[in-house]
Amino acid sequence: IVACAAMAGVPLLNGFLSKEMFFVEAVENRAFQGFAPFLLPAFATAAGVLSVAYSIRFVHDVFFNGEPVDLPRTPHEPPRWMRFPVEVLVGLVLLVGIMPQFSLGAILNVAAAATLQGELPDFKLAVWHGFNLPLVMSFAAIAGGMLYYFQRQRLFDLHDRYLPNL
């Protein structure tokens, strides 16, 4: 569930940071500024909506969609040694999401310097950058993904009614 929340870009998880960086680049991209400056941010937000929707679907279908039927064997909890690596990853997801500069700053500096072979661009890993357009895009993606997922049956019904052959 934590991994899906990170994929959806929930605040205080590592996926939120990467989605925020993605949204910042979509807003600041110069290629679309003269043509349609809203186009790239709109597409990025739509992609965020879909990532939230499929993350919710995964969690819902696996954990909350009723009892399994017609399985060859009865499922059971895995042994402790199999859960430990997942628990370590969950801890890292939380650590990176809550304290990104502390947990990843030095590693990213080394990796970026090796890749760029020159001076590093200015960047700041932080949980809070203030109230800005990328933050609004993040919340719009989360709200839109939840709305999309929980209204999916109505959307499927509309599709079947008006576009039955597609």
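**Helix packing and the pocket**

Guide: The axes of helix H2 (residues 14–28) and helix H6 (residues 133–150) cross at roughly 120 degrees and come within 9 Å. That makes H2 oblique to H6, oblique being what is left after under 35 degrees (roughly parallel), over 145 (roughly antiparallel) and 65 to 115 (roughly perpendicular). Axes are lines fitted to C-alpha atoms, for helices over the stretch in contact, with angles from 0 to 180 degrees between N-to-C directions. Helices are DSSP runs of H or I, at least four residues, numbered from the N terminus.

Visitor: Where does the model come from, and what are the caveats?

Guide: This is a predicted model, in which local features need pLDDT of at least 70 and side-chain atom pairs count only at pLDDT 80 or more, while totals for chains, interfaces and linings use all residues. Residues are numbered from 1 along each chain as its sequence is written, and side-chain values use heavy atoms, with hydrogens and water left out.

Visitor: Which residues of H2 and H6 meet?

Guide: From H2, Phe16, Lys19, Glu20, Phe23, Val24 and Val27; from H6, Leu133, Pro134, Leu135, Met137, Ser138, Ala141 and Ile142. Contact means heavy atoms within 4.5 Å. The residues of this contact divide into 10 nonpolar, one polar and two charged. Ala, Val, Leu, Ile, Met, Phe, Trp, Tyr, Cys and Pro count as nonpolar, Asp, Glu, Lys and Arg as charged, and the others, Gly among them, as polar.

Visitor: At what angle do H2 and H3 cross?

Guide: Roughly 160 degrees, with the axes of H2 and helix H3 (residues 39–63) coming within 8 Å. That makes H2 roughly antiparallel to H3. Lys19, Phe22, Phe23, Ala26 and Val27 in H2 meet Leu40, Pro41, Ala44, Thr45 and Val52 in H3.

Visitor: Which element gives the largest share of the lining?

Guide: H2, with six residues.

Methods
Helices (H or I, at least four residues) and strands (E, at least two) are DSSP runs, numbered from the N terminus.
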